[in-house]
Amino acid sequence: MAKVWILLLLASSCEISRTSAFAGGPFLHLNAKSRTFQLRGSQRGQEDGGGKGDKLEYRDPLTKVLANFLPGGKPGKSRDKSSAMDAIDWNKPKSSGLSVDQMAARVDQGLRERAWFVTGEALPELFHPDFEFKDPNVKTKGIEEYARGVHRLFNQEASSMQVVECAVSSEKIIGVKWRLEGAVNVGPGLEIKPYVVYTDLEVGQDGLIIAQEDRFSIPAWELLIWAFLPFLRPMLPPPCPPIE
């Protein structure tokens, strides 16, 4: 029964996005954000024709459909034209040779200053050229592709993150626990229920971050109900409070 409700909610979200008021191009899926609970992608986007080819992969058809409502339009046109993104030197020399502890300190400081999990304002020098990101719905390659996608997804005026903890969790893994709140740019804008995200950053032999995987503290259906059926929010567990 829960799956039926999720499908109905997703279908209704697509209908909202197709209305003429938003025909010009809403953003990357809240549903991709909120349904970020199925792993990796299996369908490759089309080539962008100008600049880099799209490196997004989608696991399920619904995610791919919702990607059509991104500000770039169809999958394969994921490059963001934000001045904030264009101001970043994506070819900055790499900070190779750092120990895992040193990298963890750089990540901790960078996230607290730049919040790139939400803003997209990453530090390219910390990432391997073959960096790969995955969450339960989407898989992408390249730090620039990831960062531009993040920047487009979140409402930059309403969204924020708080680092709870950033520390080495194993020989090659840096674990980041952080709180997310805000909104995504889907249709008229959809509010995100504040919740905790667990991010694993894998460090390669050269000391650079080669992979990132995100996991979430609440189920997809809860995020969907919060976003699409706000009158049912009193029936849900309370949102994660701000970190003091």
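**Notebook: a look around Phe131**

I started with phenylalanine 131, which counts as buried because its relative accessibility is 0%; buried means under 20% relative accessible area, exposed over 50%, and partly exposed in between, with a 1.4 Å probe and protein chains only. Before going on, I noted that this is a predicted model, where local features need pLDDT of at least 70, side-chain atom pairs count only at pLDDT 80 or more, and totals for chains, interfaces and linings use all residues. Residues are numbered from 1 along each chain as its sequence is written, and side-chain values use heavy atoms, with hydrogens and water left out.

**Entry 1: Phe131 and its surroundings.** I found phenylalanine 131 in strand E3, residues 127-134. Helices (H or I, at least four residues) and strands (E, at least two) are DSSP runs, numbered from the N terminus. Which residues does phenylalanine 131 touch, not counting those up to four places away in sequence? I listed Thr140, Lys141, Gly142, Ile143, Tyr146, Ile209, Ile210, Ala211 and Gln212, taking contact as heavy atoms within 4.5 Å. I also checked glutamate 202: it is 71 residues from phenylalanine 131 in sequence, and their C-alpha atoms are 9.5 Å apart in space.

**Entry 2: Asp135.** Next I moved to the loop between E3 and strand E4 (138-141), where aspartate 135 lies. Aspartate 135 is buried, because its relative accessible area is 10%. Its side chain reaches the backbone nitrogen of valine 138 at 2.8 Å.

**Entry 3: Thr119.** I then looked up threonine 119, in helix H6 (residues 116-119). Is it buried or exposed? Threonine 119 has 15% relative accessibility, so it counts as buried. Leaving out residues up to four places away in sequence, I saw that threonine 119 touches Met85, Arg114, Val150, His151 and Gln156.

**Entry 4: the core.** Of its 46 residues, Val107, Trp116, Ile174 and Val176 touch the most other members. Strand E7 (residues 190-203) gives this core its largest share, six residues. I followed up valine 176: beyond four places in sequence, its contacts include Val107, Leu111, Phe117 and Val197.

**Entry 5: the whole protein.** I counted eight helices and eight strands. Of the 244 residues, 50% are buried. Among contacts between residues at least 6 apart in sequence, 66% join residues at least 24 apart.

Note on methods. Polar contact = N/O pair within 3.5 Å; in protein donor to acceptor, adjacent residues only side chain to side chain. Core = buried A, V, L, I, M, F, W, Y, C linked by side-chain atoms within 4.5 Å.
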